[in-house]
Amino acid sequence: MAIEVTDPNPAEGAGTILTPEALAFIEELHHRFAPTRNDLLAARTKRREAIAAGESLDFLPQTAEIRDGDWRVAPAPAALQDRRVEMTGPASPAKMAINALNSGAKVWLADLEDAATPTWHNVVDAEYNLYRAAHGDLSFTSPDGKEYALRTDVPLAVVVMRPRGWHLPEKHVLIDGEPAVGALVDFGLHFFHNAKKLLENGQGPYYYLPKMESHLEARLWNDVFVFAQDFVGVPQGSVRATVLIETIPAAFEMEEILYELRDHAAGLNAGRWDYLFSMIKVFRDSGKDFLLPDRADVAMTAPFMRAYTELLVKTCHRRGAFAMGGMAAFIPNRREPEITAKAFEKVTADKSREANDGFDGSWVAHPDMVDTCREVFDSVLGDKPNQVDKLREDVSVTARDLLDVTTAEGSITEAGLRSNLYVAVAYTAVWLSGNGAVAIHNLMEDAATAEISRSQVWQQVRNGVTLEDTGETVTEDLVKRLLAEETERLRGEVDEEKFNRYYAPASELIGRISLAEDYVDFLTLPAYELVD
């Protein structure tokens, strides 16, 4: 066997998950599909270089036949017919997995991507928790003796697992001496151990697919699914995948992405925060027309964001697929009733807009928000499980509609710049400590919001932006000064040992990539080198 695991026992249950048979499956996936994955990553770079040279994005002329064609995705299985509220969060530790399954949500997005730090312990622990959940014996006892177990009095949330994006490696699994593809490790271990059991349970191997930039990347996932189903011995079409449309290139290929996955597609999701990150990243050197205001000012009601979400609903429903709404980052603070009331008010408004636009369900980041989201969708759906029949034929979206970020109202301020630096450092520090979902100032932050934050800093420096509240120009010196001040602020909020171990390295990393001459495609790539 040409596969090597650097640490075969990183967490409880490793012996159950890292079996020779499962690793042989991972090795086969890698040999068959890693070369194409590498080519597709190179194609991303080539496309970005063309945009930097002056090209823009548009709907693909060579796939017009697909967009004009009369086709639909495979019918959804019974377990995925009703997705009106989906709880998101990591699958490690076990306590969080149990709380998500017990939350009352219809679906749990079990996240091995943006809400999870891919330490080897976390990866294996997450896989083991999902294995135990599929087999009905997931439980946990805290150090103080509190017991957590799966509820038997209500239906548990249906698991839809999100593996890492195509770009991330898994350095603890070496194949022919090279790191394995993180996405194939995550998917492979989950599918190998759980596909048959999930089907026996009346559900199935269901996945959220992140960070894709083209329909060819969706085609690769489809090829993986076809091979995996034959390898494990489950019927073709057992897999159902929901694709996050969270990059601006993918927004121009929604139809084609569904078409490539049509035998396995369950829908598309409006991954709003990564979408903003992608907008900045792709057009970072395209001038001031692509400067977004402060992150807190960018609302989903901005015309370019409305164009994206309404096109997604229209595309999905035309093809018989589900349209899933985005994350409501607001979370309650049980110690501060006023903040909690505002959080519920904002989530209600956000979900009402989505439900009335035609979305079939949406995400929340905290169990306390499940009922709020459900009530909103109940008021629109009534007894129906979804509203795929709402075709939104009134929607017409052009390339200009998707790209005109000047329609976003708001300002670029020192307060926003400081917030970006604070959030980027604070999130990265907690990520380095092993936790990928972080509550900061009553918002649930994950890698996407940190990516927006550091990318805005990079873009503002390159464009010499004038801050509207102070009149100062954003320069490297200004960023260094504000970063130092925000880092000192964080020093006062955590103990010294934690600061030195996580926050100081996080500050150094954010400063380095925010001011680097060459833009770093993903914050998590250099950050991954700093974790075990």
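On a 1 Å grid over the protein atoms alone, a cavity is a set of points where a 1.4 Å probe fits but cannot get out, a pocket is an open set with protein on both sides within 12 Å along at least five of seven lines, and lining residues have an atom within 4 Å of a point. Grid points are joined across faces, edges and corners, and a volume is the space filled by probe spheres set on the points. The model is predicted, so local features need pLDDT of at least 70 and side-chain atom pairs count only at pLDDT 80 or more, while totals for chains, interfaces and linings use all residues. Residues are numbered from 1 along each chain as its sequence is written, and side-chain values use heavy atoms, with hydrogens and water left out.

The second largest cavity has a volume of about 60 Å³. Its lining consists of Arg44, Lys211, Glu213, Glu246, Thr247, Asp274, Phe277, Ser278, Lys281 and Phe522. Helix 10 (residues 272-282) gives the largest share of that lining, four residues; helices (H or I, at least four residues) and strands (E, at least two) are DSSP runs, numbered from the N terminus. By class, the lining of the second largest cavity has two nonpolar, two polar and six charged residues. Here Ala, Val, Leu, Ile, Met, Phe, Trp, Tyr, Cys and Pro count as nonpolar, Asp, Glu, Lys and Arg as charged, and the others, Gly among them, as polar.

Lys211 lies in the loop between strand 9 (206-209) and helix 7. Its phi is near 65°, a positive value in a residue other than glycine. Most residues other than glycine have a negative phi, and most peptide bonds are trans. The peptide bond that joins Ser92 and Pro93 is cis, with omega about 5°. Pro93 is in the loop between strand 2 and helix 4.

Arg44 belongs to the contact of helix 2 with helix 7. The axes of helix 2 (residues 20-52) and helix 7 (residues 215-232) come within 10 Å and cross at roughly 175°. Axes are lines fitted to C-alpha atoms, for helices over the stretch in contact, and angles run from 0 to 180 degrees between N-to-C directions. Helix 2 and helix 7 are therefore roughly antiparallel to each other; angles under 35 degrees count as roughly parallel, over 145 as roughly antiparallel, 65 to 115 as roughly perpendicular and the rest as oblique. On the helix 2 side the contact includes Phe25, Leu29, Phe33 and Leu40, and on the helix 7 side it includes Leu216, Leu220, Val224 and Phe231, where contact means heavy atoms within 4.5 Å. The contact of helix 2 with helix 7 has 10 nonpolar, one polar and six charged residues.

The structure holds 21 aromatic pairs. One of them, Phe33 with Phe227, is edge-to-face, at 6.0 Å centre to centre and 65° between the planes. Rings of Phe, Tyr and Trp (its six-membered ring) pair if their centres lie within 6.5 Å; planes under 30 degrees apart count as stacked, over 60 as edge-to-face and the rest as tilted. Phe33 lies in helix 2 and Phe227 in helix 7, so the pair ties together parts that are 194 residues apart in sequence.

The structure has two cavities of 30 Å³ or more. The largest cavity holds about 100 Å³ of space. It is lined by 16 residues, and Glu113, Asp114, Leu168, Ala447 and Thr524 are the closest to its centre. Helix 16 (residues 447-462) supplies the largest share of this lining, three residues.

The open spaces come next. The largest pocket has a volume of about 720 Å³. Among its 34 lining residues, Trp273, Arg295, Ala296, Phe330 and Leu443 lie nearest its centre. Helix 15 contributes the largest share, seven residues. The lining of the largest pocket divides into 18 nonpolar, six polar and 10 charged residues.

The second largest pocket holds about 520 Å³ of space. Of its 33 lining residues, Thr88, Gly89, Ala365, Ala437 and Met444 are the closest to its centre.
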